[in-house]
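Hi everyone, thanks for making time. I'd like to walk you through one structure today, so please have a look at it first.

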Amino acid sequence: MTEANVITETKRMFINGEWVESESGKTLKVVSPATGEQVGIVSAGDERDARKAIDAAAEAFKAWSQLTARERSKYLYKLYDLVRENRDELAGIISAEMGKPIREAKGEVLGAADNFMWYAEEAKRVYGETVPSSVPNKRIMVTKHPVGVVAAITPWNFPVNMVARKIAPALAAGCTVVLKPAESTPLSAIRLFELIEQAGFPKGVVNLVIGEPEPIGKEFLENKKVRKIAFTGSTRVGKLLMEGAAKTVKRVSLELGGHAPFIVFEDADLDAAVNGLFESKFRNSGQMCICTNRLYVHESVVEAFTNKLVARIKQVKVGDGRNKDTEIGPLINEQGLNKVLEHIEDARAKGAIVACGGNRLMDGEYAKGFYCEPTVITGVTQDMRIYREETFGPVVPIITFTDEAAVVEAANDTDYGLAAYVYTQNNARCFRMAEMLEYGIVGINDGAPTQTQAPFGGFKESGIGREGGHYAMDEFLETKFVSFGL
C-alpha cells in the first residue's frame, strides 16, 4: 500500500460549493478489501445533510438551467480535461478502496472522462421541433426543458464511471444534482468532486452527500424539490425506490441487476469465445451487472471449450489490484465473498463438478483480503442457486445444449434482461440471436459491448430507462408543447 493511496485526513462532503462536515459529526471508515487496512475516513451524513444539498441544488437550478448549452458545455469540457490529467491518481484510489486491478481502474477513469466529453457535446444537441397544425390559425411548437433537481445514487463496483454516467447528461441537460455514492467507496467520488470544484461549476450545481442509504434515500424520495431519481444497484433496492418515487410521481431511471447468458455455438471461434468470456466474466472480479452468469456451450464443443477456458484461468494472477501484474482482485467485502462461496458449495452439493478453483484464497498475501479462486463449474442444472441468482463473483457455471430454439428459451427464462452474449460464425444466426434474446444489450462475438455513445439498460426487472449516447439526455428532459393562436 503506497502512501499516495492512503488518505489520512477526514474527507468531507461537498454541499453548495463548500466542503462540510456532517450535521451528526459521524464518520465512516473506508477499508481495502485486498488487505483489510483502513485507506480513508469520511464524514457521514444523514437526511439533514441531504436536505441541505437538495435546497442548494434547487436554488442553483434557477441559474444553471438558464445558461446556454454552450456555456454548460464549457464546464464539462474542463472537467473532461481534469479527469484525464488526474487519471492515475483516481485509478489508484479506486484500486485502494474497492480492489479493482489498476489497469482496469485506469480504463474506468478514461471511460468517465469520455462521458464528460460526450455530454459536453450532446448538450448542444437538445432540439425542439415545430409540428404542422390541423387548423390554419394555430402553430405548434415543442421544446425540451431540464427536469430539475436530480438525486443520483451510485454503486461501488464502478465508483467513478457510474457517477460520470449520471451527472454528465444531467448537467448537460440543465439539471442540478445531489449525488450519494456507495458508502464503501466514497474516496474516488470525493476526488472527482474536488476536480468538479476545480473546474469552476457554480455553487450548488453539483453536491455530494455521503452516508447510510436509508435516511438519505428517504429524504430523496420524500423531498418534493427532487424531481428525478437516477439509480444503479440491486433490483430489490430499485423496486423500493420506484415504489417510494410514486408518492410524489418523481421520474426514475433504474439500472438494476442482471443474469447474463453467454451462448457458444458449435461453429464459434473457440479462442475468441474464451477471450470474450474471460472479459465478460472476470473483469472487475465478476462484480459487474453485465457479467456472464450462465455459460451455455454446445455439447459438441463443450470439452474443447472447457479445456481452453481452464487453461486460460490457470495463468491468471489473483491479488491486490494495486500490483501491476494482478488480473483479478478481491471481492468487495466478506458478505460478497460468502455469497460466491455459497453458490459454489450449493452447486457442488447438487452434483456439479468444480473443474478448477472453487476455494477461498487465505494464505500469505491473501490472508486479510476477500479473495476467491477463479472458478469453472460443469454439470450445472436449473435447481442450483447459481443458475438463478446473480453471483457477482469470478465463477463460471457451464450448461450444455444442442438445440438453438431451446437455448434461446433457456436464456430468456429469467426475470432479468440486461445483457446477453453469443458466439457464432453463422451470419443468419447472428441476426436471429440479436432479435430473439430479450435483453437490452446483446454482444454478438463481443464480450465487452458497452460504449459511451450506445444505450445502456435492460428489459424486464433489469431496469427502466437508458444511459449512454443521446438516449441518456431524454432521461433528464421534459417535453413541453406550446400552441400559438394567430
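This is a predicted model: local features need pLDDT of at least 70, side-chain atom pairs count only at pLDDT 80 or more; totals for chains, interfaces and linings use all residues.

Residues are numbered from 1 along each chain as its sequence is written, and side-chain values use heavy atoms, with hydrogens and water left out.

Helices (H or I, at least four residues) and strands (E, at least two) are DSSP runs, numbered from the N terminus. Two strands pair if DSSP finds at least two bridges between them. Strands of a sheet pair through backbone hydrogen bonds, either parallel or antiparallel.

Okay, back to that pair. Strand S4 covers residues 27-31 and S5 covers residues 38-43; the two run antiparallel and are joined by five bridges. Val-30 sits opposite Gly-40 in S5. S4 and S5 make a hairpin with six residues between them, and Gly-36 in the turn has a positive phi of about 80°.

Now look along S4, where the side chains alternate. Leu-28 and Val-30 point to one face and are buried (under 20% relative accessible area; exposed is over 50%, partly exposed is in between, with a 1.4 Å probe and protein chains only).

Zooming out, S4 and S5 belong to an open sheet of three strands in the order S1-S5-S4, with mixed pairing. S1 (10-11) and S4 are at the edges with a single partner strand each, so one side of each has no neighbour in the sheet. Helix H6 (residues 187-199) packs on this sheet, touching S1, S4 and S5 (contact means heavy atoms within 4.5 Å). The direction of H6 makes about 60° with that of S5; axes here are lines fitted to C-alpha atoms, for helices over the stretch in contact, and angles run from 0 to 180 degrees between N-to-C directions.

There's another open sheet of three strands, in the order S6-S7-S25, and its pairing is antiparallel. S6 (129-131) and S25 (477-485) are its edge strands, each pairing on one side only. On average, neighbouring strands of this sheet are turned by 25° against each other, direction ignored. S7 (residues 138-146) is joined to S25 by nine bridges, and Lys-138 has Gly-485 in S25 as its bridge partner.

Next stop, S11. Is this strand largely enclosed or open? Six of the seven residues of S11 (residues 226-232) are buried, so the strand is largely enclosed by the rest of the structure. S11 pairs in the parallel sense with S8 (residues 149-153) over five bridges, and Ile-153 stands opposite Phe-231. S11 also pairs in the parallel sense with S12 (residues 251-255), again over five bridges, with Thr-232 opposite Glu-255.

The largest pocket has a volume of about 1500 Å³. Among its 43 lining residues, Phe-231, Gly-233, Ser-234, Arg-236 and Val-237 are the closest to its centre. H7 (213-222), S11, H8 and H11 (334-349) are the elements that give two or more residues to that lining. On a 1 Å grid over the protein atoms alone, a pocket is an open set of points with protein on both sides within 12 Å along at least five of seven lines, a cavity is a set where a 1.4 Å probe fits but cannot get out, and lining residues have an atom within 4 Å of a point. Points are joined across faces, edges and corners, and a volume is the space filled by probe spheres set on them.

Last one: where is Asn-445 found? In the loop between S22 (441-444) and S23 (459-460). Phi of Asn-445 is near 55°, a positive value in a residue other than glycine.
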